[in-house]
Amino acid sequence: MILYHGSNMTVNEPKLIEQNRYLDFGYGFYTTTNRDQAENFAQKVVVRRGGKAIVNVYEIDEDAAASLNIKRFNAPDEDWLDFVSAHRNGDYVGESYDLIIGAVANDDVYRTLQVYSTGLLTKEQAIEALKIKKLFNQYVFATNEALAYLKFVEAKEV
């Protein structure tokens, strides 16, 4: 499987770097199967930090990585909503995973999560609102063990 990571630099040796903000699936190296999503993120990073918009391309052998502790969300359901909300709020205390796979909470989805977090939407209303959104995926490598399965292919300026 091919995965992409948008950045302002070539990342041929992905590393886990402490974040200064709370992300959907917590601490980790974020990738996606959607090249357009990676390009969009790379351009956002350049606006914030400078540099050049780069899409890094990786391969992963899913069969080989099956030995990892993997959390997979097949849809933005109640479990996904709780998981992402807890991570975005910085109060996740559940199980740790090597690799987390599921929908990304882009800016549009994030607004729904914010409204849900304030209590203006019930969990059921938030899930229904998410069903009509176009959601892309993300593969988050949360441990060095998981990163060992990620093989750098190339980096392209976009």
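**Salt bridges in the predicted model**

A salt bridge joins the side chains of Arg 88 and Asp 24, with an N-to-O distance of 2.5 Å. Arg 88 belongs to helix α3 (residues 78–89), whereas Asp 24 is placed in the loop between β1 (2–7) and β2 (29–31), so the contact ties together parts that lie 64 residues apart in sequence. The two partners fall into separate accessibility classes: Arg 88 is partly exposed, at 22% relative accessibility, while Asp 24 is buried, with a relative accessible area of 3%. These values, like those that follow, were computed from a predicted model.

Across the whole structure, the search identified six salt bridges. One of these is formed between the side chains of Asp 79 and Lys 71, at 2.8 Å from N to O. In this pair, Asp 79 is partly exposed, its relative accessible area being 38%. Lys 71, by contrast, has a relative accessibility of 16% and is therefore classed as buried, given that the buried class comprises values under 20%.

A further salt bridge links the side chains of Lys 156 and Glu 154, where the N-to-O distance is 3.7 Å.

Methods
Residues numbered from 1 in each chain as written. Predicted model: local features only at pLDDT ≥ 70, side-chain atom pairs only at ≥ 80, totals over all residues. Heavy atoms only, no water. Salt bridge = Lys/Arg side-chain N within 4 Å of Asp/Glu carboxyl O. Helix = DSSP H or I, 4+ residues; strand = E, 2+ residues; numbered from the N terminus. Buried < 20%, exposed > 50% of the residue type's maximum accessible area, 1.4 Å probe, protein only.
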